[in-house]
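Trainee: I would like to learn how to read a helix and a core in a model. Could you walk me through one?

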Amino acid sequence: MPLAMEKDPFGALGCWSTRRPYNLTPRTQLRSCMSDCLFCKIIAGQIPSKKVYEDEKVFVFQDINPQAPVHFLIIPREHIVGLKEATEKDAEIIGYCQLIAAKLGREYKIEDGYRTVLNVGPKSGQSVFHLHLHLIGGRDMTWPPG
Ligand code: AMP
Ligand code: ZN
C-alpha cells in the first residue's frame, strides 16, 4: 500500500517518541521520528541543550565541545542522516541551514571570518548521524583544516 494511503501512525498526537505535533505527510513523519538519535532528542527537549535559535525548520544550539568562541550546530528538525544520504527534496533545507548560519554570523558579529562545516562520513569526523552544520567563528583560523 502506498505510504500516502496508510493509516497515519501518529495521528493528531504527533510523534509517539517526541510527542511533537506534526502537520507533515506520513513519509516525512517517519523520517523525523528517530527515537535513538541524539539530535532528535535534543530537538524534542529530551536531552538538554543551550538553544541559540529555532524556527519551524531548524534548531540551533551550542556545541558541547566548542572549537571557537562561537560554535553552533544548525540542524534540520527533520531527521536526515547526512549529506551523502540527502536527496533532491532535501536541497531547500540544506540551503536554509547555510542562510541561518549567515544570519547568526551577523547577529553574533563574527562576519570578519567564520566557517560553516558539514562533516560527511566517519573519516571526516562525523560522529552524529543527523545532518548538522557547524558554525564556527570568533577567532583566527588556519587553512587547510586538519
Ligand atoms: P560531527 O563530529 O561533525 O558529527 O559533530 C558532532 C558535534 O556534536 C561535535 O562537535 C560534538 O561536540 C557535538 N555534540 C555531541 N553531543 C552533543 C550534545 N549533547 N550537545 C551539544 N553538542 C553535542
Ligand atoms: Zn535525528
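Predicted model: local features only at pLDDT ≥ 70, side-chain atom pairs only at ≥ 80, totals over all residues.

Trainee: Let us start with helix H3: how many residues has it, and how far does it reach?

Mentor: H3 runs over residues 91–107, 17 residues in total, and reaches 25 Å from its first C-alpha to its last, close to the 24 Å expected.

Trainee: Which residues of H3 are buried?

Mentor: First the general idea: an α-helix has 3.6 residues a turn, so residues three or four places apart point the same way. Here, Cys97, Ile100, Ala101 and Gly105 are buried. Viewed down the axis of H3, the buried residues lie within an arc of 140°, so they line one face of the helix. Exposed on the other side are Ala91, Glu92, Gly95, Leu99, Arg106 and Glu107.

Trainee: What do the buried residues of H3 pack against?

Mentor: Their partners are strands S1, S2, S3, S4 and S5.

Trainee: And how should I read the largest nonpolar core?

Mentor: In soluble globular proteins, nonpolar side chains tend to be buried together. This core has 21 residues, and Val58, Val60, Phe72, Ile74, Ile75 and Leu135 touch the most other members. Helix H2, S2, S3, H3 and S5 each supply at least two residues, with the largest share, five residues, coming from S3. Beyond its sequence neighbours within four places, Ile75 has contacts that include Phe39, Val58 and Leu131.

Trainee: Which residues come nearest to ligand 1?

Mentor: Of the 13 around it, Ile64, Asn65, Asn119, Ser127 and Val128 do. The shell around ligand 1 divides into six nonpolar, six polar and one charged.

Technical notes: Residues numbered from 1 in each chain as written. Chains lettered and ligands numbered in written order. Near = placed C-beta within 6 Å. Nonpolar A, V, L, I, M, F, W, Y, C, P; charged D, E, K, R; others polar. Helix = DSSP H or I, 4+ residues; strand = E, 2+ residues; numbered from the N terminus. Expected span 1.5 Å × (residues − 1). Buried ≥ 20, exposed ≤ 12 C-beta atoms within 10 Å, placed from the backbone. Arc of directions from axis to C-beta. Contact = placed C-beta atoms within 7 Å. Core = buried A, V, L, I, M, F, W, Y, C linked by C-beta atoms within 7 Å.
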